[in-house]
2 protein chains.
Amino acid sequence: MTPTLDESVKPTPELLYLLIGDPVELAAVLREMQPPDVAEALRELEPAAAAKVMAALPFDLAVQIFDEPELVGNRAAIISKMGDRDAADLVDAMSADQQADLFRELDPAARNRLLSALTRETREALRLLLQYEPETAGGIMTTEFVGVPSDWTAEQTLAHVRQVGGRKETVYAIYVTDPATRSLMHVVSLRELVMADPAAPVGTVGASRRVLSVGPHMDREEVARVISKYNLLAVPVVDEANHLLGIVTVDDVIDAIVQEETEDAQKFGGMAALDVPYPEIGIGAMLKKRAGWLCALFLGEMLTASAMTRFENEISTAVVLALFIPLIISSGGNSGSQATSLIIRAIALQEVTVKDWWRVAMRELPTSAALGAILGTIGVIRILAWQALGWYDYGNHPALLALTVGVALLGVVTFGSIVGSMLPFVLKRLGFDPASASAPFVATLVDVTGIVIYFSVAAIFLRGTLL
Amino acid sequence: MTPTLDESVKPTPELLYLLIGDPVELAAVLREMQPPDVAEALRELEPAAAAKVMAALPFDLAVQIFDEPELVGNRAAIISKMGDRDAADLVDAMSADQQADLFRELDPAARNRLLSALTRETREALRLLLQYEPETAGGIMTTEFVGVPSDWTAEQTLAHVRQVGGRKETVYAIYVTDPATRSLMHVVSLRELVMADPAAPVGTVGASRRVLSVGPHMDREEVARVISKYNLLAVPVVDEANHLLGIVTVDDVIDAIVQEETEDAQKFGGMAALDVPYPEIGIGAMLKKRAGWLCALFLGEMLTASAMTRFENEISTAVVLALFIPLIISSGGNSGSQATSLIIRAIALQEVTVKDWWRVAMRELPTSAALGAILGTIGVIRILAWQALGWYDYGNHPALLALTVGVALLGVVTFGSIVGSMLPFVLKRLGFDPASASAPFVATLVDVTGIVIYFSVAAIFLRGTLL
């Protein structure tokens, strides 16, 4: 009923390997399968075995499978186990954006060897695509699109579409250019083309709205937002002269969104983005991604020891004060973590921009003061209850101690929220990624100040009694 | 050059309001604009003013604008300011999935009044769609699709597509059903149809792979994964008898992915998902979303005070021990936060499942032990350096104190990573959302145990000297 959940129609790596010796049977088995499932099975084989499977497949199917983003990270190794001619034929037939991704994975020697065996068209497409950063519109676009001059008729255009056929993802929008300047004028959907009067010039077919396009250096997150907001199947990428360079399709954008979210989630956890699936990264590589931030946070957190040193006398005079330090500083970190996650996400969704910082601060202030008051009240009740029930003896001034803890909580929670909500703006303003404002980063900032706030409040309320 | 970034082609709320009195001019201005931009401007107007703009627009444009997800949250209020007849006409013309979303926003009285004014077709589509949870395939599908029996020819089918025309997003896949049982047999893309022999039965056109479909109760995240993995423009939703109920299109799935990511990010920050854009939520509503988890974490964190109480004697004997408490427990929280964010994301991307817990633990153990050793070494150096430089006097046994702090860091960081990486699995196993394993949640768990680990290590190394 729901074949996507039906494991029986997915090939296993073992099956692929078994059938290498029988190309006819292998092709028959795989004809029923989805290329992404085959790609998934292939990535679990050793590169040499995967190369043998690729060689045993009908060429068209091999190309389709190699075009799957599921194989990213494995393709370079598989290519290296294939003959140069076979590899070049395969790469020539891949879609341009996947060719570029593959080239980014290859080491320089393998790049050069492969490059010399490719056709001139492939080399030119690669030269164009590889000049852009991988996380920009130019870096994820493909150069396969259907472009026609505006003086063609709808019928001519449809005949052209039938002829070039091409990959499914690229024919749903036909890009119409000015015959003289070759600049992009108009976009016609395949639906509009099918429904149009065959004799009509293609430049007049369909809606007359201005064409939406993006520049090649636009960040892929921004491209994703354009495609998503305007419900496009693809968006054209144009240069300054409005000449069409390529198109970014909706399926590439979904992959980009998911990757960006993964990066953001990992950064928010307080580490560098892994850039590789968790089960596949080596322990050494993972250590590198995690140790940097962890050490930086540790060095920052050392300031807590320095802050505590300043209050050593207070602690030895009233050891009872030390008992609540973890409770108080962690509450500040928690409220800061909430505020940071809210604001990072609101910035990512463009719900707020840097210029809204004041408006955000004015919302966080009453919210966090209320949250601080709630926690402060619970804290006061906790101390007075333990004292009243005789579960613990806080000495001669339990009420003053409770007051100190309550007011400190109010201050620390409020301060935590403000720091947590403002930090992403500060980072963005300084040109950093606001998603670097991780929960541990905020907690570290708040821990140090939390200690100072707590002992300052204690100095006010407990001077002459406990202190 | 890049009109999407060109604010001049976007309407402002003020402009819309000004032009209400001049429908001809308003229509002329808006013809050049993109409906999502108009929707965005509209949501900044008061509902009564927005209703006036809607009334002044040509009907087709009004429908397009009302179909935009940008207006979600505002449509119910705008509808309430329109006449019943106008509202019903507008809603009848909307796409079915947006009708369902609108109905979910309406209060019961408004629902019933509107329902009685709608056509029978609309009522039936609504009855079907509203029976599904909003975050399932059935909840985000639309009932507008092109379905034909398999014995039609390609030419007949293409003529049918031309006739129904329909909304752009729904005609790129044509669903072919068995004429007898009406169950889904085959999917043909518009591209394949255009390129096919006109006389061929539509059931034989295009690739012969098994049709991918999903059940109506599948979670929308899972639907997104299917569409993204198999590069689909839409996926059919079928019942147990394989009858077509509707389709989920790629643009709905992008919205779903972005919403799910937002929910996960907010949960990871240690709060309930807002479900509303940050700038639009009231402070009362936001307090509710944040106070629950913050109080729960606070109650958990109170255990630190209890743990500290157990070690009060140690603290008063060696106050110097207290200085390093925040440093040590926060390091455990930080390493736990890293591990949790990694594993939550790996589970969300299906890179790991619950049965992989042991494999993950065996990767986290050496990684976190190495991280703990690095931090422990820095900690030891810090204490010995301060002592050697005369910046602070740690008493008679600085080396023993440094050893205590170093070993405690090793233990706490390792423990933090293990707790952080296992917690999402535990939550998932217990039927909770693994994304609830927030950074503050992990930090709280680790803080309490971190104190116990630290003082236990101290008891071993400092017994007879400092203690």
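Predicted model: local features only at pLDDT ≥ 70, side-chain atom pairs only at ≥ 80, totals over all residues.
Let us start with the pair.

Where they touch, chain B brings 110 residues to the contact and chain A brings 110 residues. On the side of chain B that touches chain A, helix α19 of chain B (residues 325-348) gives the most, with 16 residues. That side of chain B divides into 62 nonpolar, 28 polar and 20 charged residues. Because 100% of the interface residues of chain B are also interface residues in chain A, the copies meet through the same surface.

**Domains of chain A**

Chain A is divided into the domains listed here.

| Domain of chain A | Residues |
|---|---|
| Domain 1 | 3-131 |
| Domain 2 | 146-258 |
| Domain 3 | 278-462 |

Between the C-alpha centres of domain 1 and domain 2 of chain A there are 28 Å.

**An enclosed helix in chain A**

Next, have a look at helix α8 of chain A, residues 96-105. Of its 10 residues, 7 are buried, so this helix is largely enclosed by the rest of the structure. The buried residues in α8(A) are A:A96, A:D97, A:Q98, A:Q99, A:A100, A:D101 and A:L102. What covers them? The cover includes, from chain A, α6 (75-80), α7 (84-93), α10 (120-130), α11 (137-140) and α15 (250-268).

**An enclosed strand in chain B**

Now we turn to strand β2 of chain B, residues 173-177. Here 4 of the 5 residues are buried, so β2(B) too is largely enclosed by the rest of the structure.

β2(B) pairs with strand β1 of chain B (residues 146-149) in the parallel sense, over 4 bridges. In this part of the model, B:P149 stands opposite B:T177 of β2(B). β2(B) is also joined to strand β3 of chain B (residues 184-189), by 5 bridges, and these two strands run antiparallel. There, B:A173 stands opposite B:S189 in β3(B).

β2(B) and β3(B) form a hairpin with 6 residues between the strands. Which residue of this hairpin takes a positive phi? That is B:R182, with a phi near 60°.

Methods: Residues numbered from 1 in each chain as written. Chains lettered and ligands numbered in written order. Contact = placed C-beta atoms within 7 Å. Nonpolar A, V, L, I, M, F, W, Y, C, P; charged D, E, K, R; others polar. Buried ≥ 20, exposed ≤ 12 C-beta atoms within 10 Å, placed from the backbone. Domains from an automatic or database assignment. Pairing = 2+ DSSP bridges.
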